[in-house]
Amino acid sequence: MIIGFTDKVFLITGSAQGLGRELAKIALASGAKVVINSRSTAKEPEVSELFKVHKGNFSFCAADITKATDAQRLVEHTIQQFGKLDVLINNGGMSAFGDLSATSPEVIEQILDSNLKGSLFMSHFAIPHLAKTKGSIEFISSLAAIHGIGGYSLYSASKMAYLGAAQSLRKELKSANIHVGTMFLGFTKNDPTKVTYSPTGSLEIVPVRKGLPVSTQTESATLILKQIKNRKPIVVHSAFGKLTYVVNRIAPRIIHAVLLNQYRKQNPDN
Ligand SMILES: NC(=O)c1ccc[n+]([C@@H]2O[C@H](COP(=O)([O-])OP(=O)(O)OC[C@H]3O[C@@H](n4cnc5c(N)ncnc54)[C@H](OP(=O)(O)O)[C@@H]3O)[C@@H](O)[C@H]2O)c1
């Protein structure tokens, strides 16, 4: 037992690959039952093979969280399969790069739909069930949400919005005793197949991060699951993230100057 989630029921969006799959793996090894989600059934055979030792404790559900009907069906699937819901992890989402002025309206819609609208749809449909179990909603935000990063306005905006939602939900759900957590996650090793939106809407493979401190998926997933276990409202990943978070609270102009310098180096013509 890694963390101790015996018989807890998890619903993890975007959990057929990357960090979500690792969250599912550790939750299952910790005694939980897990609903695995992807937009299609393409990854179901691979996931079923990977988790075969946990047969009966996981269930795959294809659903696109940008659609309210799919989000509702995903929550209903969880209740039908396991009878309750203890933890919703809003992990599924997409990233994008490029200045907002160069980004197509379709990409703007896609990022806000998958990252923000999708997480709000999921939370909306999960709340009545989480109230019965005094459960948790966890938002997987990013260090890019501590202070807006130049060249990533769309991604920063979508991930920063989680904090507003989480702060409001902590008031709305206080009497129901539902824990609401936000994880400001830093660089984590990506699957080699991970893609990101270019400003024009093409999907590009995320390059391997060289020369930067990167956590393993196991380290990041463990940190998130410990936050849920300990019902902490906010956790910031890594020493670098914690320093950025504190300095940004005391003197945001310093972080602005550092990030502006970085943006100008990467965009010398701007
Ligand atoms: N990796 C990092 O360094 C890092 C840092 C900070 C924050 N994060 C956040 O951590 C989360 C996971 O990141 P990752 O690196 O594991 O990314 P990833 O490999 O790209 O996985 C993202 C997952 O989201 C799912 N998804 C996307 N749109 C969806 C939709 N409309 N409906 C349902 N699922 C959808 C994808 O499902 P499909 O199976 O359908 O493709 C995929 O499984 C993301 O929210 C990301 O922003 C990551």
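**Around the ligand**

A: Helix 1 gives the most to the shell around the ligand, with three residues. Helices here are DSSP runs (H or I, at least four residues), strands are runs of E with at least two, and both are numbered from the N terminus. This is a predicted model, where local features need pLDDT of at least 70, side-chain atom pairs count only at pLDDT 80 or more, and totals for chains, interfaces and linings use all residues. Residues are numbered from 1 along each chain as its sequence is written.

Q: How many residues surround the ligand, and which are the closest?
A: There are 29 of them, and the closest are G14, G18, S38, R39 and G92. A residue counts as near if its C-beta atom, placed from the backbone, lies within 6 Å.

Q: New topic: which residues of helix 5 are buried?
A: L154, Y155, S158, K159, Y162 and A166. Buried means 20 or more other C-beta atoms within 10 Å of the residue's own, exposed means 12 or fewer, and partly exposed is in between, with C-beta atoms placed from the backbone.

Q: And which exposed residues are on the face turned away from that buried side?
A: G164, S168 and K171 of helix 5.

Q: What about strand 5, how many of its residues are buried?
A: Seven of the seven, so strand 5 is largely enclosed by the rest of the structure. S136, E138, I140 and S142 point one way, while I137, F139 and S141 point the other.

Q: What stands opposite I137?
A: That's L88.

How values were computed: Pairing = 2+ DSSP bridges.
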